[in-house]
Amino acid sequence: MRNSGGSLRWWWLGGAVLSAAGSVMIARQSIDEQRALFETDARIVHRLLSQQVVQHDAILDTLALLQPAPGAPVSAAPEQRLPSLYPHILSVQRREHGAAWADPDLASAEQRSAQDRRPALVRPDLASGRYRLVLAALPTAYALTIDLRGMVPWSEWPMKPEASPVRVVLEHEGQRVELQSGDAAALARSGGWRFEFHKHLAAVSQPFGVVAEQRLGWSQLPWGLMLAWTTLVATALTLGAQWQRQRTARRRAEELLRLGQVARLNTLGELAAGMAHELNQPLTAVLANTQAAQRLLAEDPPELDTARQAMAQAVDQSRRAAEVVGRLRRTVERPGTPDGATTAAVLSLDLAEAARRAVHLLEPECLRRSVAPQVQADAAVMVDADPVAVDQIMHNLLMNALQAMDAVPVAQRALQLTLRRDGDAGELAVADRGPGIAPEALPHLFEPFFSTRDGGLGLGLSLCETLAQGMGGSLAAANQPGGGAVFTLRLPLSRGIA
């Protein structure tokens, strides 16, 4: 019983671990996929914005190369057509040689541009949503005013700005401008998984940092898929547990059938011995009475009355012998003879394991009687014995104990199997809480054909004692002080252990 229940517990525990591990793997895969998608989109955003700012540098370099000849009208300058070609370039300013910028920030940026020999960023005000870029060149310097949101190539944007949970921000020296708001509520919450991307744009002249953020909450995990996996595991476990129960029941039935066949063969041997004992006395009496009748009839004159009495006694003894044979025919079925019968083999076996196996075989009987056998063994008890004989003895002792407890209330029923080493023997005690053994029946308990149960053949305990003695052991019975009976099987310890 404990083996079966423990097996099922481990079965379901393994299923729970498998279900949890599978769900974690599904969740992890989903998180990794979301992270990979986020990083891919963030890199595309960085590449698109980098292309835009690099283009601004290229525009300024082109303006410096295509400067009009001195004295040419301003309307002929190429920069005047830039706003129509690039709508995000709000204006183009120029400073002629010898002139000065009206804005000191432009003058400061031009000095840095001349020193670094590349476009320079004018002190930005990202809150206004625009910034200026200056290129120092001779004879004319140029400045671009650029719309930050206008420079975003929305047609190539990898996300839908109004629906995407990703927030995209450009930052510079503590200032930030939001290009895509994302899911602000999710970003403000704690818990879940936070994805972040930080990288500066590819133009040194416009060192804006691209910051992308996304938070994946618990509610966004693939719960449906994880539930489907758990359901699949539970279904597989249910089918597997059902198969295991059927397999266990089939093995139990096969083992009980094997024990039944062995028991019949052993019972026949015990019957032969019992028959010889039971028939010996009446047959001896029949022989003595018939011989006496012959002598009485041979006398002259014959003693007919005494001869008739001797023959009547012979008839009575013959009927007694017939009753013995009739009882045998009524109680024992004709067993089939197995092919290739072999002699029993004495092996080293664990008596505790044999006890648990016997309890497992009788699990249905225990459940039907609401009895939960307890096997108590502090350590392995290795004995030299015939495994089949040990199985048969334990089977008989347990069945006797269960049948004895039919006479007591369910709440009082208990069955304890205790194993220990006692000197050079291994000892198994089977104790029940039944009505116990009547004092007058106790001395005759192991005699052939003695039974305290109606319809019993009276050979079970006799056979068990014979089997135990055949293995060099013994079988004893006694009443417990607290009620019930205890049967003690002793078998020699394995060689080298005693």
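Predicted model: local features only at pLDDT ≥ 70, side-chain atom pairs only at ≥ 80, totals over all residues.
Does Arg117 count as buried or exposed, and at what relative accessibility? At 78% relative accessibility, Arg117 counts as exposed, because the cut-off for exposed is over 50%. Arg117 sits in the loop between α3 and β2. Its phi is near 60°, a positive value in a residue other than glycine. Most residues other than glycine have a negative phi, and most peptide bonds are trans.

Now look down the helix. Leu106, Ala109, Glu110 and Ser113 are the buried residues of α3. Seen along the axis, these buried residues fall within an arc of 105°, so they line one face of the helix. An α-helix has 3.6 residues a turn, so residues three or four places apart point the same way. The face turned away from the buried side carries Pro104, Gln111 and Gln115, which are exposed. Cover for the buried residues of α3 includes strands β1 (89–95), β2 (120–121), β3 (130–135) and β4 (141–147).

Pro139 lies in the loop between β3 and β4. A cis peptide bond joins Leu138 to Pro139, with omega about 5°. Further along, Glu173 is found in the loop between β5 (167–172) and β6 (175–180). Phi of Glu173 is near 50°, again positive in a residue other than glycine. At 69% relative accessibility, Glu173 counts as exposed.

Step back to the whole chain. The protein chain has 10 helices and 15 strands. Of its 498 residues, 40% count as buried. Its accessible surface comes to about 27,500 Å², and carbon and sulfur atoms hold 55% of that. Take the contacts with a separation of 6 or more: residues 24 or more positions apart account for 69% of them.

The largest nonpolar core has 46 residues. Those with the most contacts inside this core are Leu351, Val390, Leu415 and Leu417. Elements that each supply at least two of the core residues are α7 (351–361), β11, α9 (387–404), β12 (415–422), β13 (425–432), α10 (460–470) and β15 (485–492). Helix α9 gives the largest share, 9 residues. A second, separate core has 44 residues, among them Leu135, Leu144, Met151 and Val210.

Leu417 shows how the packing reaches across the sequence. Setting aside residues up to four places away, Leu417 touches Ala355, Val359, Pro373, Gln374, Val375, Gln376, Leu398, Leu428, Ala429 and Val430.

Finish in strand β11 (residues 382–385), where Ala385 is found. Ala385 has 0% relative accessibility and so counts as buried. Beyond its neighbours within four places in sequence, Ala385 is in contact with Ala345, Val346, Leu347, Leu349, Val390, Met471 and Leu491. One of these, Val390, is also among the residues with the most contacts inside the largest core. Leu351 is 34 residues from Ala385 in sequence, yet their C-alpha atoms are 9.3 Å apart in space.

Notes. Residues numbered from 1 in each chain as written. Heavy atoms only, no water. Buried < 20%, exposed > 50% of the residue type's maximum accessible area, 1.4 Å probe, protein only. Helix = DSSP H or I, 4+ residues; strand = E, 2+ residues; numbered from the N terminus. Arc of directions from axis to C-beta. Contact = heavy atoms within 4.5 Å. Areas by Shrake-Rupley, 256 points an atom, 1.4 Å probe, with all protein chains shown as cover. Core = buried A, V, L, I, M, F, W, Y, C linked by side-chain atoms within 4.5 Å.
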